[in-house]
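Here are my notes on the model you asked me to look over. Keep the viewer open while you read, and go point by point.

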Amino acid sequence: MREFNIFGYEVSSYWTMLVIASVLTTAMSVLRAKRYSFGKTRSEIISILLIFYGCVGAKLLFILEHPNSTFSLRGGMSLFGSVYFIPIALGITVPLVKVKYACCMDFVALYGPLIFAFMRIGCYLNGCCGGRDIAFLPPVQLIECILDIMIFFLLLFYENNKSSPGYGKQYPIFMVCYALTRFVVEFMRDTPKDIFYLSEGQWLSVITFVLGVGILYFIKAKKENYRNEVLL
């Protein structure tokens, strides 16, 4: 495991990348606050909650997958756990911050693929989450990192080319894109494909994809019903 010595403390590259991603996320939140009418302090609080809930969710799912593991900073994490836990946890705490839930989910969606990209760099440096020995391909962690960055720019493009934020579409779009990416990448990883010829990560990808599409359909139906009521 690759570790860095920071002020006399040995810190894994995985957590180092998470800290870098957290700082970048917080800085971006301040820059994006005006577009969402949050205010700088409120945007910083949301970004801190996002990082905290993401870590908790990822650790909880890892413990469910590995019952003998403990809630330790040295243990593993399952990124899908953060994808599921963040909407639930923010749904409970967002009223305390006094922002609309859909607007908040649009705000944080952009950070999902960005943080995941840094986490995969940490995986690469740690030597975990590797892939099969395929000579003509770069390490699978870096492949997923590049794909996550592409999702980040897709969401950024979508955000900058719509009239106003706040409909809640961006998080389910992130879910769908990440699910498709992870499903493909899992074929290159050395994870067991023993659940109907697919890995556990691929089945979680399927669940995430279905949930994302379902949420998008719900948002679309809700908007159409609202328009019909206005016309009536």
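1. A bit of bookkeeping to start. The expected span of a helix is taken as 1.5 Å times one less than its number of residues, and helices themselves are DSSP runs of H or I with at least four residues, while strands are runs of E with at least two, all numbered from the N terminus. For helix α1 (residues 13-36), 24 residues at 1.5 Å a residue should give 34 Å, and the end C-alpha atoms sit 33 Å apart, so the two agree.

2. Before going on, please keep in mind that this is a predicted model, where local features need pLDDT of at least 70, side-chain atom pairs count only at pLDDT 80 or more, and totals for chains, interfaces and linings use all residues. Residues are numbered from 1 along each chain as its sequence is written, and side-chain values use heavy atoms, with hydrogens and water left out.

3. The overall layout. The protein chain has eight helices and two strands. Reading from the N terminus, the order is β-β-α-α-α-α-α-α-α-α. Of its 232 residues, 45% count as buried; here buried means under 20% relative accessible area, exposed means over 50%, and partly exposed is in between (1.4 Å probe, protein chains only).

4. Back to α1 for a moment. There is a kink of about 35° in α1, centred on V30; the bend at a residue is the angle between axes fitted to the seven residues ending there and the seven starting there. What follows α1? That is S37, with a positive phi near 55°, and S37 is a residue other than glycine. S37 lies in the loop between α1 and α2 and is exposed, at 62% relative accessible area.

5. Now the inside. The largest nonpolar core has 49 residues, a core being a set of buried Ala, Val, Leu, Ile, Met, Phe, Trp, Tyr and Cys residues joined through side-chain atoms within 4.5 Å. The residues with the most contacts inside this core are I46, L90, V108, I115, Y171 and F174. At least two residues of this core come from each of α1, α2 (40-65), α3 (79-97), α4 (101-109), α5 (111-126), α6 (140-160) and α7 (170-186). Which helix gives the most to this core? It is α3, with eight residues.

6. On to the charges. The structure holds four salt bridges, each defined as a side-chain nitrogen of Lys or Arg within 4 Å of a carboxyl oxygen of Asp or Glu. One of them joins the side chains of R120 and E144, at 3.1 Å from N to O. R120 belongs to helix α5 and E144 to helix α6, so this pair ties together parts 24 residues apart in sequence. Are the two partners buried or exposed? R120 is buried, and so is E144.

7. α7 is mostly covered, with 14 of its 17 residues buried. Within α7, R182 and E186 are four residues apart, which means about one helical turn separates them. These two form a salt bridge, with the closest N and O atoms 2.9 Å apart.

8. R182 counts as buried because its relative accessibility is 8%. E186 is buried too, at 1%, and R189 is buried as well.

9. L180, I195, F196, Y197, W203, V206, F209, V210 and V213 make a nonpolar surface patch of about 900 Å². Patches are made of residues with over 30% relative accessible area and no salt bridge, with like charges joined within 9 Å and nonpolar side chains (Val, Leu, Ile, Met, Phe, Trp, Tyr) within 5 Å; accessible areas come from the Shrake-Rupley method with a 1.4 Å probe, and for residues only the protein chains shown count as cover. Helix α8 (residues 200-231) supplies the largest share of the patch, five residues. F209 is in helix α8, and its 33% relative accessibility makes F209 partly exposed.

10. Y197 sits in the loop between α7 and α8 and is exposed, with 74% relative accessible area. Although Y197 is not a glycine, its phi is positive, about 70°.
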